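Trainee: I have a model to read. Can we go through the terms together?

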Amino acid sequence: MLPFVEFKPNRVAEGDPFHLWGLGLTWEPWLLAAIVAAALLLALSGEGPRVRAAKVAVGSALFAATLLVALRAGAILVTEATPFGRVGPISGFWIAALASFLIVEGSLRTASWNPMIKGAIRVLPLAIATGALASGALDSFAMVQEYINRADRFSQELTTHLRLAAVAVMAAVVIGVPLGIVAWKRRLLERPVFTLVNTIQTVPSLALFGLMIAPLALLSRQFPLLRAMGVQGIGAAPALIALTLYALLPIVRNTYTSLSVIPNAVIEAGNGMGMSRRQLLRFVEAPLSVPIILSGIRTSVVQAIGNTTVAALIGAGGLGVFVFQGLGQAAPDLIVMGVIPIILLAVLIDRGMAVLIGLVTPPGLRKDTL
Amino acid sequence: MIEFSCVTKHYGDITAVDSVSFRVEDGQVCVLIGPSGCGKTTTLKMVNRMLDASSGEISINGRNVSELAAEQLRRGIGYVIQSVGLLPHMNVRDNIAIVQRLKRVDRRQRYRRADELLELIGLDPEQYRLKHPHELSGGEAQRIGVARALAADPPILLMDEPFGAVDPLNREVLQTEFLRLQRALKKTVLFVTHDLDEAIRLGDTVILMKDGQIVQHDSPERILAAPRNQFVRDFVGADRALKRLSCFPVEGYIREAQQIAQQDAASFSNGGRGPDSVVWVYGADRALVGMLQRSSSGYKVITLKPEEVGVVPLSSMKEALSRLLGQGIRAVPVLDQRNCVIGEVRLPDIEELNQAVL
Amino acid sequence: MKRLIVPPLLFGLAFVVLLNAELLEPLLRTLFPNVREILYARIPLIDLFREHVMMVLVSSVTATVIGVSLGVIVTRPPGRDFLTVVQGLSSFAQTFPPVAVLALAVPAVGFGFRPTIIALVAYSVLPILNNTIAGMEAIPRELTEASRGIGMTPLQVLFLSELPLSARVIAAGIRTSVIINVGTATIGAVVGAGGLGVVIVAGLVRDNIAFVFSGAAAAAVLALAFDWLFGRLETLFFAPRARVSR
């Protein structure tokens, strides 16, 4: 069996790996083992709604037990004698967590349950983890310690991250939707528009950020007014421009697609019943195209969350700050502390958008976007 | 020879084919027909082991098919399906040659064979061999499908509603084509269709199935003339007399036709023939262009389109009747491939044939 | 014809200028007259370029092999049980930002070339896998049925009909992967993998615009060149149907 957690006497020291049974725990490892056995048994017992429900239950239990063991390990390993000691989950823990995710997600995907219940089951582990975090039970965890040391900075960078991504995507919507419409209406502009947004999206994010710096630095030197507004070579201005440019492609593409999928016959039928231009938009065009444009925005937001991370390299701030600090200081715990919220953000926003798109999609066109 | 003995196929609790026994003699066309879900396609697919029988035995020339490797078996049996299934990334020639490629026949020989087959099915190799399937019409694609099935010269053909997706006019043409090929090649054919006219026209024997069982296995004439029970009667329908005409090709009922060149039409005088007779008018290269009609001031030429009025020797008498009624004329011209009139079919003959049936 | 000659000439010219110190220096001098240290002297740009290309090629080839095989396995009868799960997980994992995957590779395997390759492969398998599955699932059942019916073995069905039929979609997935890899490899400099990102990062650290520009421009041109190349290959291999016999 793989080592489950490691213990470090302080931040920079090498960690000592501990196995599940080497922790001095009494019943907890056995509980975990029992759950794993149950999971294996279920894996062999075929299909069916009952098996599926059992799998979801066992998978969730596996996650809870894994977290519990890690918690107990923290309590045992970090004592009065080692005030700077910290535990970090390693391979065994991650594999157990991944397995629980696979079990739950695998059976949820094929289950035909109410989407609300599915959503609740998916959110549950997150809620448990958040609860554990809030209660202070996880304080002996290395990444949590990294967080505690930077709690103020964290919320500040989180806000920056969200603001950068949100502003960039909003700007991209304002530019991209009209651009998509123009590309559809004026056949001559279709190629140049798509060549442009495609090209931008092809350029590596770091390179695009880099290419923004020089011209902006120049501008800011030339025009004191711009400098007074905070436009400089590095920082938020080039990041926002690059992020906006980056977010364009999915929005332009989907706007264009959303127009091209509206059948001519439908428009004709609308005209035929005497709809005004505005009614046509309200009853025919918008219901058909808004979901598609929204799914373009979904792609853009998720991408923007990732690219904003990179923007930290040009001094724009955001959660990338912790990631690159961690990489710079060779501090794995700090890296993980920065990366996990980024992934959670991306995933949560993706899910949230999926739900939203599901709500605005007319029932006749609904597919499972979740 | 294909032989089924007590063949059964289960899908879970459902019995798709229920203890079916029959035999298809060499060189014969046997048509399986019945309402959808009757097990006809399942029966066909068990021959080349696209499906395996749950019990019973299927043999080809005395060899049990379950003893042969499925792929080897299939390469020796031509298989034509409704959706044709040409590979879109290969051109016509490669599609036709694919079975021989699987059999590792060398390229030059494969390609020569593909050209031969294109000629055989009446498509110009020069024009067609490098086309891709998306450039073909439905009828052309279906012919290529037949050519592919014939490529390795298999003694047996399985055809699963091959003309089902083609429009009625083209289906008629493809059926005629099939009869011509079958006359030349004498394959042993098992043919599935849901179109009774097609079954009657193409089959040497017809097997009518229902709920996985054979209801009647007979010649087309007997199915129509002597339905075994109410189900067969209903399936055949009230117009079975009319359907029976599908059994007979036109070629047995061709009468000599009177025809005249276009330039002589003006000077035509009815040489004392009866009012029933039609005079066909041919143009340059002797192809049909119209017919003479009596008017108050003698005769005038009515223009006709050969493909709309004419039949060929392998057309059915039913087809001849429908042309006759459609055009409102007393006879239909029988044409050869160049649209020259080689004779005509007359209404009284059709009536007589129809009465003989009942 | 023009589209076959002009782009390679432009890309070639761009590479020659950007990767050749003697040609690059005067260009940078005119662009950034105020910068004192104009050329990144530690490692020649051409070496970083080569490293970058190597990273992309190694990871993309590996990801293609893994992605296509996995996609083929889960669309075969024995692997079919896993299809929905694999499909779901793979599109789920695609919402992870590539840079996050790259950063997580460091705690797992340390700094350098290795974690970068691992992260690049792990991430870029996803579009290839997704597209392989999508391509396979889009093939009409009648076609595979017909292929079986004329006597193809399962392997022949795979290689003679299924893969050629889905090649276009798979190639689009590979193209996406390669472009993502060029971008992520740039960030690889931060975890010590080398590549063109090294110059950009050095420029950012030392506040040297010339460094940032030279690295960023080379990386951008590289990505565009890859994209163009794949676009060409696509039209070359997958459009012959329209060219024949017309």
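Mentor: Start with the elements. Helices (H or I, at least four residues) and strands (E, at least two) are DSSP runs, numbered from the N terminus. By that rule chain C reads α-α-α-α-α-α-α-α-α-α-α from the N terminus on. That comes to 11 helices and 0 strands.

Trainee: What should I keep in mind about the source?

Mentor: This is a predicted model: local features need pLDDT of at least 70, side-chain atom pairs count only at pLDDT 80 or more, and totals for chains, interfaces and linings use all residues. Residues are numbered from 1 along each chain as its sequence is written, chains are lettered from A and ligands numbered from 1 in the order in which they are written, and side-chain values use heavy atoms, with hydrogens and water left out.

Trainee: What makes B:Lys45 and C:Glu145 a salt bridge?

Mentor: A salt bridge is a side-chain nitrogen of Lys or Arg within 4 Å of a carboxyl oxygen of Asp or Glu. Here the N to O distance is 2.9 Å, so the pair meets the rule. Across the interface of chain B and chain C, the rule finds 1 salt bridge. B:Lys45 and C:Glu145 also belong to a salt-bridge network with C:Arg141 and C:Arg148.

Trainee: How many residues of each chain are in contact there?

Mentor: Contact means heavy atoms within 4.5 Å. On that basis 26 residues of chain B touch 21 residues of chain C.

Trainee: Why is B:Lys187 called buried?

Mentor: Buried means under 20% relative accessible area, exposed over 50%, partly exposed in between (1.4 Å probe, protein chains only). B:Lys187 has 6%, so the residue counts as buried. In chain C, 55% of the 246 residues are buried.

Trainee: And what is B:Asp153 called, at 48%?

Mentor: Partly exposed, because the value is 48%. B:Lys187 and B:Asp153 form a salt bridge at 2.6 Å, N to O. The two residues link distant parts of the chain, 34 residues apart. B:Lys187 sits in the loop between helix H7 (168-185) and strand S8 (188-193) of chain B. B:Asp153 sits in the loop between helix H6 (138-150) and strand S7 (156-160) of chain B.

Trainee: How do you know that B:Glu172 and B:Arg201 form a salt bridge?

Mentor: Their N to O distance is 3.4 Å. B:Glu172 is in helix H7 and B:Arg201 in helix H8 (residues 196-202) of chain B, so the pair ties together parts 29 residues apart in sequence. B:Glu172 is buried, at 13%. B:Arg201 is buried too, at 8%.
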